[in-house]
Amino acid sequence: MHALIMAGGLGRRLNLGEKPLILIGGKPMISYVIAAFSAAGFEPVVAVSPSTPMTMNWCRANGIAVCKADGSGYVEDMISAVRTMDEHYPLFISVADIPCVTPHIIRAIARAYYLSGKDGCSTWVPAGLVSSCRGGMPYRTTVNGTEACPVGINILRGDLIDQPQDELQLLLDEPGLSVNVNTQADRAMAEYF
């Protein structure tokens, strides 16, 4: 299964250059996400845009497959990348700014997805974890009776990429997944983890 890692955004809030290449513990943030998916047995492909040319160069220099998108927005670029890959099977779709994700977490998501029999899977953490780790997130919903926030890791069928998919909403009590690096405080929290 492929793991499409979305790395085409501007990352304006941090104002440190291309967001995927921001250093966490001396390594580019995206390298942690790529390493976690690779170690979990999934093949990473990084979606880049005109906003992230250095990320594209870094990926190529490190032997990581890239897929170019036009930078129209997250969903538009995701659909475009999946179509460019000509992917018809389920694939992971992940943000590039969750450096605390681990192979164990990724395998747990894949296992739950396969057992569910559903078309897709979205991953969530309790909203309380997000509030304590990064000051909260505006988007919330109730998952299994718990107020939850999205993590940014999904599994979707490539052949249905531009359609709504019947999905498993997977709630994980994993503090590391609550660290999505958008501010300097988030970066410090990622360094801590």
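**Notebook: cysteines, cores and helix 1**

I looked up Cys-67 to begin with: its relative accessibility is 4%, so Cys-67 counts as buried. The model is a predicted one.

I then asked how far the sulfur of Cys-67 is from the closest cysteine sulfur. That sulfur belongs to Cys-59 and lies 12 Å away, which is too far for a bond. A disulfide would need the two sulfur atoms within 2.5 Å. I searched the whole structure and found zero disulfides. I also checked Cys-149, which has a relative accessible area of 0% and is therefore buried.

Next I turned to the nonpolar cores. The largest has 38 residues. Which of them touch the most other members? I noted Phe-37, Val-46, Phe-92, Val-101, Ile-109 and Ile-153. Helix 4, residues 103–116, gives the most to this core, with six residues. Apart from this core I found another, of 13 residues, and Cys-67 is among them, as are Val-45, Ala-47 and Val-82.

I listed the contacts of Ile-153, leaving aside neighbours within four places in sequence.

Last, I went through helix 1, residues 29–39. I recorded Met-29, Ile-30, Ser-31, Val-33, Ile-34, Ala-36 and Phe-37 as buried there. Gly-41 follows helix 1, and I noted its positive phi, near 95°.

Definitions and conventions: Residues numbered from 1 in each chain as written. Predicted model: local features only at pLDDT ≥ 70, side-chain atom pairs only at ≥ 80, totals over all residues. Heavy atoms only, no water. Core = buried A, V, L, I, M, F, W, Y, C linked by side-chain atoms within 4.5 Å. Buried < 20%, exposed > 50% of the residue type's maximum accessible area, 1.4 Å probe, protein only. Helix = DSSP H or I, 4+ residues; strand = E, 2+ residues; numbered from the N terminus. Contact = heavy atoms within 4.5 Å.
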